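This report describes the fold of one protein and then turns to selected details of its structure. The sequence and the model are shown first.

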Amino acid sequence: MPTFSIENFGCRATEADAVSMRHAMLADGWAQTTAHASAEVVILNTCTVTSAADAQSREAIRKIHRANPAARIIVTGCYAQRAPEEIAALEGVSCVVGNSRQLEISGLARDFFPLASLGTEHKSGSAAVPILVGDILAEIDIPRGEAESLAGDATRPILKIQDGCNNRCAYCIIPSVRGRSRSLPPDEIVASLHQYVSAGVREVVLSGINLGSYGRDFVPRVPLADVVRRILDETALEQLRFSSIEPQHLTEDFVALVASSQRIAPHFHAPLQSGSDRILRAMHRWYRTEHYAARIELIRKILPDAAIGADVIAGFPGETEADFEATAAFVRSMPFTYLHVFSFSARPGTKAANLPNQVRAEAIRERARILRAIGEQKARSFRVTQAGHPIRALTLARSTDAWTEAITPNYLRVRIAGQHARNRWHEVRLTSNAQEIVSSHSL
């Protein structure tokens with residue numbers, strides 16, 4: 001039986017894509033191994049949101065090819081969609097596959113690499129490398145896998161219900177590699193949730209590239225809130241969690257819906273990007289700090305213990321010291337519980353790549369360092385407010401002889417004493433130290 005391995009880079013959407021590819025391979029008779037060094041076919045699902053993400057993928061290709069010259073390396077994902085010729089030129093690459101053709105990889109692997117050829121040293125890095133990249137802007141469907149078969153992959157599987165984005169933020173390459181916004185029909189979402197529940201899943205994460213725009217491609221439109229209500233009414237899922245949602249979609253009605261059910265995790269991730277209105281305008285973001293702050297304060301008022309995360313970009317072109325200080329001050333003023341900080345990276349084809357007044361790399365690094373330090377302090381402070389509270393937590397796969405990692409609805413990690421099966425609810429009493437081992441009892 002031919003073997004394959006798979007490695008994923010990037011966001012929750014790419015994680016969902018990787019799981020679907022894995023199951024397509026298994027269904028077609030491939031056997032999975034976790035060791036790239038022994039796999040006959042290696043699939044790399046790439047990210048291209050920053051130049052560092054591109055470099056990480058290139059280094060992974062080189063490392064795998066050095067360790068396993070016989071491996072047929074198939075590169076897919078957003079970097080493959082954006083720059084297929086650049087990837088095809090790398091030694092060791094056997095095939096480049098765009099985002100729209102990922103579920104064809106199993107068949108392509110058999111067509112391109114007959115069993116007789118596997119196990120022989122492979123060089124490639126030439127124009128002969130097959131490139132199968134369709135027009136992502138013309139795609140109308142979301143690649144999907146059978147939810148029941150995907151359920152065993154994780155304690156908290158990701159269900160991608162939306163892909164693509166119609167926004168044109170000045171720094172973002174994603175619309176050109178993911179296409180326009182499109183949604184999974186509500187009936188398919190509910191059917192998938194039934195399959196997950198039947199397979200024993202307790203929490204599912206709904207994800208998308210621009211999740212809040214879900215259903216706008218339907219006629220008539222179907223708001224995300226309507227799908228959530230159907231999930232609550234028609235399935236027995238114990239906990240639903242959302243990935244990132246743009247701040248303009250965090251309306252009072254939506255936050256109230258989250259607060260109305262203990263089956264929805266009180267966890268919001270609302271991209272900020274900058275605390276300077278001047279920079280937000282240059283980024284082509286659709287809100288200003290006043291509007292953003294109002295949405296975050298609404299969440300904190302209705303759900304005092306909710307997790308609230310944000311993305312922030314350091315060093316967007318033209319960002320002055322005053323702009324950065326405004327961002328740092330704004331972040332300090334917000335009740336965030338964690339931050340994802342990104343150093344600005346010029347992406348080919350985006351407006352920001354050609355803007356004047358690019359910020360020096362040293363300044364970007366220092367600004368990112370300061371923002372990360374603020375984020376770490378925010379995370380510590382939030383954990384202190386939760387210390388002593390009894391709360392349920394879902395066990396994860398990571399464990400040692402002494403402890404098992406678990407996660408709370410409001411996105412805090414905890415280590416509970418002893419080894420426990422994953423995907424089980426425990427009641428724990430939170431501490432201010434994420435590394436401290438705490439006692440629990442199962443629910």
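Helices, in this report, are DSSP runs of H or I with at least four residues, and they are numbered from the N terminus. The structure is a predicted model.

## A residue in helix 10

By that definition, L257 belongs to helix 10. The relative accessible area of L257 is 10%, so this residue is buried; the term applies to values under 20%.

Which residues does L257 touch, when residues up to four places away in sequence are not counted? They are A225, V228, R229 and I264. One of these, A225, is 32 residues from L257 in sequence, and the C-alpha atoms of the two are 7.6 Å apart in space.

## Overall form

The secondary structure of the protein comprises 14 helices and 19 strands. The C-alpha trace extends over about 65 × 55 × 50 Å along its principal axes.

Of the 443 residues in the protein, 53% are buried. Contacts can also be sorted by separation along the chain: among those between residues at least 6 apart in sequence, 73% join residues at least 24 apart.

## Surface and charge

The protein has an accessible surface of about 18600 Å², and carbon and sulfur atoms account for 52% of this area. The protein carries 50 positive and 47 negative charges. The mean position of the positive charges and that of the negative charges are 4 Å apart.

## Aromatic pairs

A pair of aromatic rings is described by the distance of the centres and the angle of the planes. How many aromatic pairs does the structure hold? There are 8. In one of them, the rings of Y214 and F218 have centres 6.0 Å apart and planes at 80°, so the arrangement is edge-to-face; planes over 60 degrees apart fall into that class. Y214 counts as buried because its relative accessibility is 1%. F218 is buried as well, since its relative accessible area is 19% and the limit is under 20%.

Another pair, F242 and F254, is tilted, with 5.3 Å from centre to centre and 50° between the planes. This pair links distant parts of the chain: F242 lies in strand 10 (residues 239–242), F254 lies in helix 10 (residues 252–259), and the two are 12 residues apart. F242, at 4% relative accessibility, counts as buried, and F254 is buried with a relative accessible area of 6%. Elsewhere, ring pairs join Y287, Y292, F330 and F336 into a cluster.

Most residues other than glycine have a negative phi, and most peptide bonds are trans. Where does the model contain a cis peptide bond? One joins V219 and P220, with omega about -5°. P220 is placed in the loop between strand 9 (203–208) and helix 9 (224–234).

Two asparagines are also of interest. N357 is not a glycine, yet its phi is positive, at about 60°. This residue is in the loop between strand 13 (338–343) and helix 14, and N357 is exposed, with a relative accessible area of 61%. N423, likewise not a glycine, has a positive phi of about 65°. The position of N423 is in the loop between strand 16 (413–417) and strand 17 (425–429). Is N423 buried or exposed? At 9% relative accessibility, N423 counts as buried.

V41 is part of strand 3 (residues 41–46). With 0% relative accessibility, V41 counts as buried. Along the chain, V41 and R22 are 19 residues apart, and 12 Å separates their C-alpha atoms.

V384, by contrast, is exposed, with a relative accessible area of 52%; the exposed class begins over 50%. V384 is located in helix 14 (residues 361–386). Although V384 and N433 are 49 residues apart in sequence, their C-alpha atoms are 8.3 Å apart in space.

Terms used: Residues are numbered from 1 along each chain as its sequence is written. This is a predicted model: local features need pLDDT of at least 70, side-chain atom pairs count only at pLDDT 80 or more; totals for chains, interfaces and linings use all residues. Side-chain values use heavy atoms; hydrogens and water are left out. Buried means under 20% relative accessible area, exposed over 50%, partly exposed in between (1.4 Å probe, protein chains only). Contact means heavy atoms within 4.5 Å. Accessible areas come from the Shrake-Rupley method with a 1.4 Å probe; for residues, only the protein chains shown count as cover. Lys and Arg count as positive and Asp and Glu as negative; His and the chain ends are not counted. The place of a charge is taken as NZ of Lys, CZ of Arg, CG of Asp or CD of Glu. Rings of Phe, Tyr and Trp (its six-membered ring) pair if their centres lie within 6.5 Å; planes under 30 degrees apart count as stacked, over 60 as edge-to-face and the rest as tilted.
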